[in-house]
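Dear colleague,

My findings follow directly after it.

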Number of protein chains: 2
Amino acid sequence: MKHARFEDHDKESMDIFLDSVKDFADKDFYPYFREMDEQPAYYDDGKIITHPQVGITTKKSGELGLIGGIFDYDEGGLQIPHMVYTAAMTILEAANNHLPGYPGLTMGASELIVNFGNDHLKETYVPNMIAGQWAGTMCLTEPQAGSSLSDVASIASPTDEDYYKLKGQKIFISGGDHEHVDNFVHLLLARIEGAPAGIKGISLFVVPKKRPTADGRLESNDVLTAGDFQKMGQKGYCTTHLVFGENEDCRAWLVGEPNQGLKYMFKMMNGARIAVGRGGAAVTIAAYLASLQYAKERPQGRRVLNHGKKDPSQEQTLIINHADVRRMLLLQKAIAEGSLSLVLEASHLYDVEVAALDKTEKENSNLLLELLTPIVKTYPTEMGCVSIYNGVQVLGGYGFCSDFVLQQYYRDIRIFPIYEGTTGIQSIDLLGRKITMKGGAALKLLAAEMMSTIKDAQTHEELKPYAKVLDEKLQLSKQVLDFLLAFTQKGEFERYLSDATVFMDFLSTIVIGWQWLKMAVKAKQAIVTRQLTYPEAFYESKIHTMKFYFKYEMNKVNGLADTLMDENVLTIPAEKEVFVE
Amino acid sequence: MKHARFEDHDKESMDIFLDSVKDFADKDFYPYFREMDEQPAYYDDGKIITHPQVGITTKKSGELGLIGGIFDYDEGGLQIPHMVYTAAMTILEAANNHLPGYPGLTMGASELIVNFGNDHLKETYVPNMIAGQWAGTMCLTEPQAGSSLSDVASIASPTDEDYYKLKGQKIFISGGDHEHVDNFVHLLLARIEGAPAGIKGISLFVVPKKRPTADGRLESNDVLTAGDFQKMGQKGYCTTHLVFGENEDCRAWLVGEPNQGLKYMFKMMNGARIAVGRGGAAVTIAAYLASLQYAKERPQGRRVLNHGKKDPSQEQTLIINHADVRRMLLLQKAIAEGSLSLVLEASHLYDVEVAALDKTEKENSNLLLELLTPIVKTYPTEMGCVSIYNGVQVLGGYGFCSDFVLQQYYRDIRIFPIYEGTTGIQSIDLLGRKITMKGGAALKLLAAEMMSTIKDAQTHEELKPYAKVLDEKLQLSKQVLDFLLAFTQKGEFERYLSDATVFMDFLSTIVIGWQWLKMAVKAKQAIVTRQLTYPEAFYESKIHTMKFYFKYEMNKVNGLADTLMDENVLTIPAEKEVFVE
């Protein structure tokens, strides 16, 4: 490995690790996937009842290093590269997306304590969390505030001790309670009494469900479970409503400095956003493979012959031989593998940021990762929904039937564009913050990365036309941004951001085109140099899918640019009432 | 009314009719919508158990004229215009899409007997069907054949009597059995012993569940119910598996001539395809109104101020004031109302075809309707899914929760792009049959209709830019078709049809643009001439939504054209294996 941080690991040890994860997925995740949909988590008399695999897989995740594995050695970690961790979690999520969130959030919560907590908090909570004995959550959303974190109203009152007294309610808390671990450690946003309004007055706290006593017991910390939201998908992953301090006895320990909570939480949220993109990619891949298998087994109809008729005396063909079915499968594949590629790109940047010794390398990785994070969150989840929509269609009527799994993927995936900041919020983050930060430095880094791929592609005759297209789209993105940024110069920020989601669609389609061209370059290089780890057809398939992406997906970019550069303002509230029915 | 056929009806009588339908929807449909999702239809010991409203609404639909209402007086009908019938069914489907299929299919089945059955069949079945006492179905799909009707294998053997003996199985039979009507009349495709292979050997039969005896009893006709498919949505609308002739005692009566079954069935299927488009539009409208209501009531966050910050000391704003939420709502509205407009256009053509006395008018209406039918089936259902996808997103996390209705619409709508010939099949029908029929005559009629709207729009300054855009897209569609039709001249039919679904997306987006421009012209005329039936804001809202459609949807047409005119062939099976994982 390039960086000293990872020197104890090599490809062989990481392969063994991933093999054991695959084994874990096959034995403990996939067999329970349908069952967890049919037997949703539910609330019963103050308790959340979940599938027993929740406890089993959380603990085993701890044992396997899937919770604290990426942490430093001196924090109890294994210094596993984030990219390998991401590959591992993708395998688990593809097998059963109802389960990995439990250890995943425990990882995120313990990471926050490791990064920003004092030694007391680290010693008290982290070892049990990374062992999978205690579970962690992130508690942000409140009923009256939703995505608007500046309206968080939970109140922490100082005491003479080392803790605050907490009062408040949190909703949509994923994995927020169940009977299969000994304790829960909530990382919670609240406002210290008298703190400023808005996000500037938000602090981060550790709030255990049961507080550890000096003599090693766990005593109740006045955290009540008030309900579990029933949902159309991901039913095995509980979504809880928690009430803190109903009996004035909920203790909360401040993490880091007062009023810095949102800054800290963003550390976890960035990780969580990449994790949601990863989950979206994983479910999309699983659905693609399920559709592909069906299409390879189901006979129906006949190919159109070249006199324009079909021959009914012939045997039926497998549906994978119909052009329209192939189009849908290739679209599924292009989205699924393009998404995974982007998620792994982000993971790699994370690794470089953490491990690089060179300051510029560190900073650049951070900048590029910051820019890509909202795209990583959005493309695999939004387009994952499109991909699985097509996956259902491949099966025809059976796609809608409960006997087949596609309908479950279709329902499960729908939460991913909402989790951890909706697409609208990610898009405002992208256009409003990431594009403009440090004078557009991140965007320049991205453009340089793309140009490097374009240059590589130009060395292969077969890839030249696609290099040219990507170059054109990159220039177009500059034109679009020139048009949009003019609004910021005029102080018209609402107008600037009004089509942020369209811009997200625009830029992310180009970014995935870049990922595909990059994959095609690698595939072509492998073929040309005969450095084939897999059968040649595997590499050819990647090049074919890249061409498919450029023919069927990349073309939409120009229309989106036209929309973005249209002068008409139609979505900003004005005097005239628009919604008249 | 213009046509003599409808002379007994006027606007007032039709308004009264629609008011009574609205009342019916409010009392008998909407209150059971969530309940039918929570208590799905199911199979139990040879029976299908459905919600009691199935029987109540089927009978009352008969009484209201919703089954036989559009038929001729001398067939027991009321000669209600199809357009009014369509408006009525839209109201019912928006209220509860699990129920209207029951009377709807009874209508379609009785229409087939009325059109092609002999007097004996008409007398025996039609009166009870249009009264809603007996239910009708269409039995096409078989397990081994799916959408491939040339592989229908049910066998009808001649007897010395006036009936055939039937043996076979049918699956996915909507409304195929329940306990709330006295009898079922299946309109079924089967092959007479010794008939030619393929679709040329398919005949249409009436197969009652119980056969009426000479003395007025009903005796079993050996039609067994073998199961009910469980689905992710539309759970109250049963989807049955029927077995005919298991005990060699299933009698089937031929409708019309032998081996002409598919031709007859297409009569019903065309109606059914329009009905599915109508259903898609109706569910999409219902979901739009649900999202709109939520957005008008839910406070969250603040508008971006023009210095680019938000003021946390301000009260939260309603989410309808966020540009991105408005964009989603306007997209929902543009798709929903554009779809409904197209469905009503098709209904109007149906009326003209039936009622016109002039032969050319009749023929032209028929041709245009034939061309539009696959689009009417497809746009409201495919784009309805997109619309409701956005509708879920408007609610954020609550959109995914069972407490809110959006997730039910999201699940329910997903079957519509599959019903009555999937989108792939509709697209092949459009490009392979409808575009080319009679030397492209239908397409010329459509172009003439569009040109007429373009000319009308050009008389209003505000609409001129949109007239210009529609004109350009119309020219572009000719260019695309020139490119594609060249393949048919070279005999490359598989290539010609390989991107049929992309062509569907392309043409239907233009067609809905035409519908929106047409609505905008009407709205503008109403405003200019002060002929305002509704508040002026209603008309302004239509014009605004047209502009939205042209800015956000119409732009995708050029990208689709680029895809269609791309020379790369990527979806037709070739030597190289493409799907290598």
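Apart from its neighbours within four places in sequence, Gln515(B) is in contact with Gly338(B), Ser341(B), Leu342(B) and Glu345(B). Please note that this is a predicted model. Gln515(B) belongs to helix H15 of chain B, which covers residues 500-529. Is this residue buried or exposed? Gln515(B) counts as buried, because 24 C-beta neighbours lie inside 10 Å and the threshold for that class is 20 or more.

In chain A, the packing of helix H8 (residues 323-355) with helix H15 (residues 500-529) can be described in more detail. The axes of these two helices come within 9 Å and cross at roughly 90°, which means that H8(A) is roughly perpendicular to H15(A). On the H8(A) side the contact is made by Gly338(A), Ser341(A), Leu342(A) and Glu345(A). On the H15(A) side it is made by Val511(A), Ile512(A), Gln515(A), Trp516(A) and Met519(A). By residue class, this contact divides into five nonpolar, three polar and one charged.

I turn next to strand S6 of chain B (residues 183-192). This strand is mostly covered, with nine of its 10 residues buried. Which strands pair with S6(B) in the parallel sense? One of them is strand S3 of chain B (residues 134-139), which runs parallel to S6(B) and is joined to it by six bridges; here Cys139(B) stands opposite Leu188(B). Strand S4 of chain B (residues 155-158) also runs parallel to S6(B), through two bridges, and Ala156(B) has Ile192(B) as its bridge partner. The pairing of S6(B) with strand S7 of chain B (residues 202-208) is antiparallel and extends over seven bridges. In that pairing, Val185(B) stands opposite Pro208(B).

Two residues of chain B deserve attention for their backbone angles. Most residues other than glycine have a negative phi. Phe172(B), however, has a positive phi, near 55°. Phe172(B) is located in strand S5 of chain B (residues 164-174), and it counts as buried because it has 22 C-beta neighbours inside 10 Å. Arg530(B) likewise has a positive phi, near 55°. Arg530(B) sits in the loop between H15 and helix H16 (536-552) of chain B. With 7 other C-beta atoms within 10 Å, Arg530(B) is exposed.

Regarding chain A as a whole, it has 17 helices and 12 strands. Its radius of gyration is 25 Å, close to the 25 Å that the globule rule gives for 581 residues, so chain A is as compact as a globular protein of that length. The C-alpha atoms of chain A fill a box of roughly 85 × 65 × 60 Å along the principal axes. Of the 581 residues in chain A, 58% are buried. Among contacts in chain A between residues at least 6 apart in sequence, 75% join residues at least 24 apart.

Finally, how many residues of chain A are in contact with chain B? There are 86 residues of chain A in contact with 86 residues of chain B. Helix H16 of chain A (residues 536-552) supplies the largest share of the chain A side, namely nine residues. That side divides into 33 nonpolar, 34 polar and 19 charged residues.

With kind regards

Definitions and conventions: Residues are numbered from 1 along each chain as its sequence is written. Chains are lettered from A and ligands numbered from 1 in the order in which they are written. This is a predicted model: local features need pLDDT of at least 70, side-chain atom pairs count only at pLDDT 80 or more; totals for chains, interfaces and linings use all residues. Axes are lines fitted to C-alpha atoms, for helices over the stretch in contact, and angles run from 0 to 180 degrees between N-to-C directions. Helices (H or I, at least four residues) and strands (E, at least two) are DSSP runs, numbered from the N terminus. Angles under 35 degrees count as roughly parallel, over 145 as roughly antiparallel, 65 to 115 as roughly perpendicular and the rest as oblique. Two residues are in contact if their C-beta atoms, placed from the backbone, lie within 7 Å. Ala, Val, Leu, Ile, Met, Phe, Trp, Tyr, Cys and Pro count as nonpolar, Asp, Glu, Lys and Arg as charged, and the others, Gly among them, as polar. The radius of gyration is taken over C-alpha atoms; the globule rule is 2.2 Å times the number of residues to the power 0.38. A residue is buried if 20 or more other C-beta atoms lie within 10 Å of its own, exposed if 12 or fewer, and partly exposed in between; C-beta atoms are placed from the backbone. Two strands pair if DSSP finds at least two bridges between them.
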